[in-house]
Amino acid sequence: MTNKLSPEVHLTWAKNKLKALILKLSPILSKISVSYKFNFWQVFVRPLLDPLAVFSSFENNKSVPMAIERFYRKSIKSFLGAGKTTPSSLLELMTGYNLENRGKNLIRDSLHRWNLRKKNKFPRGTGLDKITHSLKYAPHSLIKYSNLMNKICPLCPKVRCSAKHLSNFHNLKIPSVEELVESFHFLGPDLKSGADGVKRSRQWIINHFESKIKIPYDKLFCFINGNQLN
Ligand SMILES: [Zn+2]
């Protein structure tokens, strides 16, 4: 937070900082895995956002928290390369970050520390909840798939290409982005080690998922682009 303790001033400062960060990091972000992209966000952007998350959970006037929420969504999409139309619920499923919960968690932790200090005790470690994301084994194509899936259906104006819509109206059976994220997050025992019992590397698992997503991605790509050309 700035020395004026004003969320508006801090938000403007954080927005400028985000622009500069994206400019500097974009050559690296284009090359690293989805999981590292989120780790970069956690290192560089989360500290800018934390004071605003605390403010959001206090503030009654909703216009500033809405601007904070927009800033949060924009920052995470810029780091992951996710399209503008990516739903907030999907971002939360992927990253495990919720602005309101984070704000409440920070307040609870600060109060706990303050109460200890009043008793001349020194808090050890952090009482903050760990942010558990679902992207450790996510392949690059996940974001590309998500961006296609959140486009407007080329055959039905104003309707998004959700897996349900494509299945019900166009007989295209492909998994939803949410299903894929969950399958990449909860690995079965066969993926952690092969038939030989040798532990699989993280890169092996990512490549495996990359090949799994290829067929539904190609089907979706052909459906969207094929119908746009007609
Ligand atoms: Zn349609």
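**Figure 1. The helices of the protein chain.** The protein chain holds eleven helices and zero strands, where helices (H or I, at least four residues) and strands (E, at least two) are DSSP runs numbered from the N terminus. From the N terminus on, the order of elements is α-α-α-α-α-α-α-α-α-α-α. This is a predicted model, in which local features need pLDDT of at least 70 and side-chain atom pairs count only at pLDDT 80 or more, while totals for chains, interfaces and linings use all residues. Residues are numbered from 1 along each chain as its sequence is written. Taken along the principal axes, the box filled by the C-alpha atoms is roughly 65 × 50 × 35 Å.

**Figure 2. Burial and contacts in the protein chain.** A residue is buried if 20 or more other C-beta atoms lie within 10 Å of its own, exposed if 12 or fewer, and partly exposed in between, with C-beta atoms placed from the backbone. Of the 230 residues, 23% count as buried. Two residues are in contact if their C-beta atoms, placed from the backbone, lie within 7 Å. Among contacts between residues at least 6 apart in sequence, 71% join residues at least 24 apart.

**Figure 3. The buried face of helix H2.** Helix H2 spans residues 34-44, and its buried residues are Val34, Lys37, Phe38 and Trp41. Seen down the axis of H2, these residues fall within an arc of 95°, so they line one face of the helix; the arc is that of the directions from the helix axis to the C-beta atoms. Their packing partners are helices H1 (7-29), H3 (46-58), H4 (63-80), H5 (88-95) and H7 (141-149).

**Figure 4. The largest nonpolar core.** A nonpolar core is a set of buried Ala, Val, Leu, Ile, Met, Phe, Trp, Tyr and Cys residues joined through C-beta atoms within 7 Å. The largest one has 38 residues, and Val34, Leu52, Leu80, Leu142, Tyr145 and Leu180 have the most contacts inside it. H4 gives the most to this core, with six residues. Domain 1 (7-81 + 98-118) and domain 2 (141-229) both contribute residues, so the core lies between them; the domain bounds come from an automatic or database domain assignment. Not counting residues up to four places away in sequence, Leu180 touches Leu142, Tyr145, Pro175 and Ile213.

**Figure 5. The surroundings of Phe71.** Phe71 is found in helix H4 and counts as buried because it has 20 C-beta neighbours inside 10 Å. Leaving aside neighbours within four places in sequence, Phe71 is in contact with Leu11, Ala14 and Lys15. Phe71 and Leu11 are 60 residues apart in sequence and 8.1 Å apart in space, C-alpha to C-alpha.
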